[in-house]
Amino acid sequence: MSKRKRGEDEYEIPERNTVSDQDDNAVRVVNAPTPANRCLERQIQLLLDKSTISAVLDIFLAMRLSKGENTELRKAFENTDISKNLIKTLKETDNDEDGNISGKTLELIGDLMRNNSSMRKDFVRNGAIIAIAETMKLFLHNEKLQQHGSRALFYILKDEYWKGASNIESFYDLFYDVILNVLAEVMRKYPMNISIQKQIIAILSCITCTYTNDEMIEKVIQMKCVEYTLNALSKYNSRDILFRILSFKLLTNLNKIDAAKACLREKDLTLILAKIE
């Protein structure tokens, strides 16, 4: 209660969100969550229950959160425990021998992060980059999981806020030791999956454009990512224009040091491009 004086008399002003026991006609101001919000929070907590996680993931995926018209629905998940719980799910794979639950989890993570910078930052704060990369490494045999994982990593690594990162050296270590190794192995294992190839090439294009140092480019070349990109280009020819654009962008970014130029000459880049045209 706050007190004010009117002349010589002192009187009390009831605070908001409180109701006087002596005044049955007082206006009630309620800040409690709506039933819909309480239901959503309950479902998010059920992600931590091994007996219900698969069903809850199916419910959330059925919402088609990645669709442009569902922007407001996607925003409903902001400021909840969804990112924390999904990352925790990725780290606990005891009952996920084939990676199906992890695959659904990665698909939902990608849906939530699409065109939502706030959600992307929230996932990063909860350790999404390492968790996603390690999940992809653990279930390398699961092609669908790799597709969802590469999409989720792309949504994170393409974001503008990485360009002003203060911990740039630690990001280099993370990229070299964790991300690049997994991406190169996935490119090698699934050369005929254009969706996977496209997402990974887009990731490498963003990284080599943002962090333009020779060491980064040399690492990408050492992991044979240039070779995998050129192989994919020669196989898919002109079937996917976006794929070609992303590939050319990556090769342009790499063609800045002698090692990259030599690699491109060795792989007959000019001939490959001539065939595509």
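I'm working from a predicted model, where local features need pLDDT of at least 70, side-chain atom pairs count only at pLDDT 80 or more, and totals for chains, interfaces and linings use all residues. Residues are numbered from 1 along each chain as its sequence is written, and side-chain values use heavy atoms, with hydrogens and water left out.

**Negative patch.** I looked for negative charge on the surface and found a patch of Asp173, Asp177, Asp214, Glu215, Glu218 and Asp258. My patch rule takes residues with over 30% relative accessible area and no salt bridge, like charges being joined within 9 Å; a salt bridge is a side-chain nitrogen of Lys or Arg within 4 Å of a carboxyl oxygen of Asp or Glu. Helices H9 (168–189) and H11 (214–222) each give two or more residues, and H11 has the largest share with three. I also checked Asp173, which sits in H9; its relative accessibility is 45%, so I call it partly exposed (between buried, under 20%, and exposed, over 50%, with a 1.4 Å probe and protein chains only).

**Aromatic pairs.** I got two of them (ring centres within 6.5 Å; planes under 30 degrees apart are stacked, over 60 edge-to-face, the rest tilted).

Phe60 and Phe77 are edge-to-face, because their centres are 5.2 Å apart and their planes at 90 degrees. This pair links distant parts of the chain, 17 residues apart: Phe60 is in helix H2, Phe77 in the loop between H3 and H4. Phe60 is buried at 0%, and Phe77 is buried at 2%.

Phe154 and Tyr155 are tilted, with centres 6.1 Å apart and planes at 40 degrees. I logged Phe154 as buried at 17% and Tyr155 as buried at 10%.

Conventions:
Patches are made of residues with over 30% relative accessible area and no salt bridge: like charges are joined within 9 Å, nonpolar side chains (Val, Leu, Ile, Met, Phe, Trp, Tyr) within 5 Å. Accessible areas come from the Shrake-Rupley method with a 1.4 Å probe; for residues, only the protein chains shown count as cover. Lys and Arg count as positive and Asp and Glu as negative; His and the chain ends are not counted. The place of a charge is taken as NZ of Lys, CZ of Arg, CG of Asp or CD of Glu. Helices (H or I, at least four residues) and strands (E, at least two) are DSSP runs, numbered from the N terminus. Rings of Phe, Tyr and Trp (its six-membered ring) pair if their centres lie within 6.5 Å; planes under 30 degrees apart count as stacked, over 60 as edge-to-face and the rest as tilted.
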